[in-house]
Amino acid sequence: MAIIIRLDRVMADRKMSLTELSEQVGITLANLSNLKTGKVSAVRLGTMEGICKALKCQPGDLFEYCEEESDR
């Protein structure tokens with residue numbers, strides 16, 4: 001996938017656990033874990049808003065585009 005999710009890096013920078021973030025955002029640990037590991041194909045804007053609010057970050061801090069080899 002060309003989009004890399006950097007949630008784990010931002011959480012580490014903020015010293016926030018998955019459990020803390022889950023409680024603050026109001027989503028299950030399972031769904032948050034799937035997002036963190038890149039096992040999702042879509043994210044609701046409301047979820048992104050909650051994550052950004054809890055982590056005090058911008059959506060661009062959580063995602064990185066990496067051009068795939070096959071696209072070159």
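1. Ser22 counts as buried because its relative accessibility is 9% (buried means under 20% relative accessible area, exposed over 50% and partly exposed in between, with a 1.4 Å probe and protein chains only). This residue is found in helix α2 (helices are DSSP runs of H or I with at least four residues, strands are runs of E with at least two, and both are numbered from the N terminus). Neighbours within four places in sequence aside, Ser22 is in contact with Ile27, Thr28, Leu29 and Leu32 (contact means heavy atoms within 4.5 Å).

2. The basis of these remarks is a predicted model, in which local features need pLDDT of at least 70, side-chain atom pairs count only at pLDDT 80 or more, and totals for chains, interfaces and linings use all residues. Residues are numbered from 1 along each chain as its sequence is written, and side-chain values use heavy atoms, with hydrogens and water left out.

3. Helix α1 spans residues 7-14, and its buried residues are Leu7, Val10 and Met11. They lie on the same side of α1 because they cover an arc of only 100° around the axis (the arc is that of the directions from the helix axis to the C-beta atoms). Ala12 and Asp13, on the other side of α1, are exposed. The buried residues of α1 pack against β1 (3-5), α2 (18-25), α3 (29-36), α4 (45-55) and α5 (59-62). Lys15 follows α1 and has a positive phi, near 55°.

4. The largest nonpolar core has 16 residues, of which Leu7, Leu21, Ile51, Leu55 and Leu62 touch the most other members (such a core is a set of buried Ala, Val, Leu, Ile, Met, Phe, Trp, Tyr and Cys residues joined through side-chain atoms within 4.5 Å). At least two residues of this core come from each of α1, α2, α3 and α4, and α4 gives the largest share, 5 residues.

5. Leu55 deserves a separate entry. Apart from neighbours within four places in sequence, Leu55 is in contact with Leu7, Val10, Met11, Arg14, Met16, Leu21 and Leu62.

6. The lining of the largest pocket consists of Ile27, Asn31, Leu32, Asn34, Leu35, Val40, Ala42, Val43, Arg44 and Thr47 (on a 1 Å grid over the protein atoms alone, a pocket is an open set of points where a 1.4 Å probe fits, with protein on both sides within 12 Å along at least five of seven lines; lining residues have an atom within 4 Å of a point). The largest share of this lining, 4 residues, comes from α3.
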